[in-house]
Amino acid sequence: MSVAYRILYAIGFTPWEQMAQPPIAGQIGGLFAREEEGREPPYGRALDLGCGSGIWAVELAKRGWDVTGVDFVPKALRRARERAQNAGVEVELEQGEVTDLGAAGVSSGFRLILDFGCFHDELTDEQREQEGREATAVADSDSTLLIMAWKPARRGPLPRGASREEIQAAFPDWRLIDDEAMDVPDGAPGYVRRAEPRFYRLRRS
């Protein structure tokens, strides 16, 4: 993986964390609530691929999930541990690549898997397929996968995006159930609005 994210965390420039602000945070909360509907906590195991500073991993833990987060940036994981400690929740955090979860020490049996930034960014097509195989290997039989992706485009250093077809191709053992546009706030940068980000929901076949 690129060293770019290590540098960005080192200098404190993490614009993707703006997803934790309204209205996007409320929309993501609704996506989580849909997976929890009709059940009582604890809801089961959840895996946050590319968890960064642990925003969504901690949120899931607060809601009653048993959460594991994976990221390759040590500083991001340190921030995630601090976030979990401040929130009074336990989150298992592993350093490693989303394309090799076994080497990162990730086990199995996850009912909910998130990828809110890795897949559509700098992974090659081969690495996307590897992530798909790794996620499938650790998923429970009725697992749900939530992916956020921008529409495909050439954007230089910005995420290249991923189409519905590209997502489905990387996860052949999953069925893409539905997708919805992200509630991008009016004040978001133009390049984000033009990217037309969407959330995709897949169910293990």
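The crossing of helix 3 and helix 4 is right-handed, where a crossing counts as right-handed if the near helix is turned clockwise from the far one by less than a right angle, and left-handed if anticlockwise. Helices (H or I, at least four residues) and strands (E, at least two) are DSSP runs numbered from the N terminus. This is a predicted model, in which local features need pLDDT of at least 70, side-chain atom pairs count only at pLDDT 80 or more, and totals for chains, interfaces and linings use all residues. Residues are numbered from 1 along each chain as its sequence is written, and side-chain values use heavy atoms, with hydrogens and water left out.

**Helix pairs**

| Pair | Angle | Axis distance |
|---|---|---|
| Helix 3 and helix 4 | about 25° | 9 Å |
| Helix 2 and helix 3 | about 45° | 12 Å |

The angle of helix 2 makes it oblique to helix 3; angles under 35 degrees count as roughly parallel, over 145 as roughly antiparallel, 65 to 115 as roughly perpendicular and the rest as oblique. Helix 2 and helix 3 also cross in a right-handed way. Their contact (heavy atoms within 4.5 Å) joins A25, I28, G29, F32, A33 and E36 of helix 2 to W56, E59, L60 and R63 of helix 3. On the other pair, I55, V58 and K62 of helix 3 meet A80, R83, A84 and A87 of helix 4.

**A look at helix 2**

Helix 2 has 13 residues and spans 19 Å from first to last C-alpha, close to the expected 18 Å, a figure that is 1.5 Å times one less than the number of residues. Among its buried residues are I24, L31 and E35, buried being under 20% relative accessible area, exposed over 50% and partly exposed in between (1.4 Å probe, protein chains only). Their cover includes helix 3, strand 2 and strand 4. Just after helix 2, G38 takes a positive phi of about 80°.

**The cores**

A nonpolar core is a set of buried Ala, Val, Leu, Ile, Met, Phe, Trp, Tyr and Cys residues joined through side-chain atoms within 4.5 Å. The largest has 32 residues, and M19, V91, F116 and F199 have the most contacts inside it. Helix 3 gives the most to this core, with six residues. A second, separate core of 26 residues includes F110, I113, A135 and Y200. Leaving aside neighbours within four places in sequence, V91 is in contact with A57, V58, A61, V67, G69 and A84.

Methods. Axes fitted to C-alpha atoms, helices over the stretch in contact; angles between N-to-C directions.
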